[in-house]
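Dear colleague,

I am passing on the structure below, and I would be glad if you could look through it alongside the notes that follow.

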Amino acid sequence: MSMLGVWGGKLISLAGRIYLVKSVLLSYPTFHSTNSLVPKQVLLEIDKLCRGYIWNKCDGNAGLHYVNWDILCKPKRYGGMGISSCSNKAGPLRSKLAWRYIQEKESLLHKVLFPKYGSNMAEDSGRRNVSVSWKILCNGFK
């Protein structure tokens with residue numbers, strides 16, 4: 001949020017806003033989702049901030065959304081702008097974390113969760129009293 005206030009919106013064109021969103025704003029959640037467990041609601045909120053930054057007017061009023069967010073997230077060859085949405089990346093990044101949990105037995109994540117839950121994520125996905133981290137790993141395992 002603080003970066004959006006610094007960049008402002010008066011002097012940046014639509015193409016510049018899209019470029020800033022692609023190169024800077026969406027790279028932070030991707031990095032953090034690769035290395036830790038980020039809830040999907042946080043990723044959806046970041047997508048919402050990015051949409052608002054692209055389409056809102058410089059005075060803070062809501063602007064006209066010329067194109068659907070899903071179309072903007074398509075690759076350029078399919079008519080989109082090539083923006084990679086955080087919420088669309090959540091599944092593959094969670095799968096990567098689940099793979100890392102299974103393969104790297106010396107990782108901190110494995111050392112913390114293994115004594116309580118074990119390594120069989122397929123059977124434990126239906127349990128009720130589990131942590132959010134374990135639910136995210138089971139989701140990535142599926």
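**What was found**

The chain holds nine helices and zero strands, where helices (H or I, at least four residues) and strands (E, at least two) are DSSP runs numbered from the N terminus. Read from the N terminus on, its elements run α-α-α-α-α-α-α-α-α. Please keep in mind that this is a predicted model, in which local features need pLDDT of at least 70 and side-chain atom pairs count only at pLDDT 80 or more, while totals for chains, interfaces and linings use all residues. Residues are numbered from 1 along each chain as its sequence is written, and side-chain values use heavy atoms, with hydrogens and water left out.

Of the 142 residues in the chain, 34% are buried, a term that means under 20% relative accessible area, with exposed meaning over 50% and partly exposed in between (1.4 Å probe, protein chains only). Among the contacts in the chain with a separation of 6 or more, 50% come from residues 24 or more positions apart, a contact being heavy atoms within 4.5 Å.

Two packed helices are described by the angle between their axes and the distance between the axes. Axes are lines fitted to C-alpha atoms, for helices over the stretch in contact, and angles run from 0 to 180 degrees between N-to-C directions.

Helix α2 (residues 14-25) packs with helix α4 (residues 40-55) at an angle of about 160°, and their axes are 9 Å apart. The two are therefore roughly antiparallel to each other, given that angles under 35 degrees count as roughly parallel, over 145 as roughly antiparallel, 65 to 115 as roughly perpendicular and the rest as oblique. On the α2 side the contact is made by L14, R17, I18, L20, V21 and L25, and on the α4 side by C50, Y53, I54 and W55. These residues divide into nine nonpolar, no polar and one charged (Ala, Val, Leu, Ile, Met, Phe, Trp, Tyr, Cys and Pro count as nonpolar, Asp, Glu, Lys and Arg as charged, and the others, Gly among them, as polar).

Helix α4 also meets α6: their axes come within 8 Å and cross at roughly 150°, so α4 and α6 are roughly antiparallel to each other as well. Here K40, L43, L44, I46 and D47 of α4 touch C86, S87, A90 and R94 of α6, and the residues of this contact divide into five nonpolar, one polar and three charged.

Lastly, S107 lies in the loop between α6 (86-103) and α7 (108-117), and S107 is buried, with a relative accessible area of 17%.
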